[in-house]
Amino acid sequence: MLTSATEQAAKQKGRLFNFDFWKERVQKRYKSNLKKSYTPEYAMAIYLMEMANVKNLDKLIRWCNNRGLTIYFKRHENGTYDECFKSIMIAANASPIKQVIYLLHECGHHLIHQHPGEPNRFLMGYDQTDPRITRTFQHRLACLEEEMEAWQRGRSLAKKLKLRIDEDVLDLIRINCLKSYIKWTVKKKGYE
Ligand SMILES: [Zn+2]
């Protein structure tokens, strides 16, 4: 049971996953979609897809918790991995399918930091704080390489855990995220 101090801290960090709460939200959305101009078949298709992703989320978060990772949901963009605090922050307002995909990618970052591989081609990347390094192209390229690898490892994790993921949605999100990182790597105006 959480004490009030840790409860307070958890609130600041965000909400923890609760299967029943997520399920209730999907059911509420289904009822409100039926009130809209959605056909019953379309509303049901969305309902089933969202329920499958709540189950995916539950499975994935159990895997994270077993590795000592805490997952928080907060009004936030996409996802972020914190190596220091062994935590991941996921957009609370995103749909269950997007939450699963963002979380898979952040788990990919976690796996890279646990097993960087040899030689560590990400060494010049995110771990660097020295501005003499962080202003170089090599640094930005190492970060981009880690981003690509994190998507790869996330996808492998989904396979390992036998998650039912819509590959097309995953690819669309992956491409959009990488597009922004590529623009940042080459210092495109507005992305520096
Ligand atoms: Zn990333």
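**Close-up views of the predicted model**

Both His105 and His109 are buried in this predicted model.

**View 1. Zinc site.** The zinc ion has three protein ligands named here: His105 and His109, each through NE2, and Glu147 through OE, at 2.1 Å. Along the chain the donors are spaced as H-x3-H-x37-E. Helix α4, residues 96-114, carries both His105 and His109, which sit four residues apart, or about one turn of the helix.

**View 2. Cys107 and Cys64.** For Cys107, the closest cysteine sulfur belongs to Cys64, at 3.5 Å; this is too far for a bond, because a disulfide requires sulfur atoms within 2.5 Å. Cys107 is buried, and its relative accessible area is 0%.

**View 3. Cys143 and Cys177.** The sulfur of Cys143 has its closest cysteine sulfur in Cys177, 15 Å away and therefore too far for a bond. Cys143 is buried, with 1% relative accessible area. The count of disulfides is zero.

**View 4. Packing of helices α2 and α3.** Helix α2 (residues 19-35) and helix α3 (residues 40-66) have axes that come within 9 Å and cross at roughly 170°. The two helices are therefore roughly antiparallel. On the α2 side, the contact residues include Phe19, Trp22, Val26, Tyr30 and Leu34. On the α3 side, they include Met44, Ile46, Tyr47, Met51, Val54 and Leu57. Charged residues also take part, among them Lys23 and Arg29 of α2 and Glu50, Lys55 and Asp58 of α3. By class, the contact of α2 with α3 comprises 13 nonpolar, two polar and five charged residues.

Terms used. Residues are numbered from 1 along each chain as its sequence is written. This is a predicted model: local features need pLDDT of at least 70, side-chain atom pairs count only at pLDDT 80 or more; totals for chains, interfaces and linings use all residues. Side-chain values use heavy atoms; hydrogens and water are left out. Donors are N, O and S atoms within 2.8 Å of the metal (3.2 Å for Na, K and Ca); water is not among the atoms, so sites may look incomplete. Buried means under 20% relative accessible area, exposed over 50%, partly exposed in between (1.4 Å probe, protein chains only). Axes are lines fitted to C-alpha atoms, for helices over the stretch in contact, and angles run from 0 to 180 degrees between N-to-C directions. Angles under 35 degrees count as roughly parallel, over 145 as roughly antiparallel, 65 to 115 as roughly perpendicular and the rest as oblique. Contact means heavy atoms within 4.5 Å.
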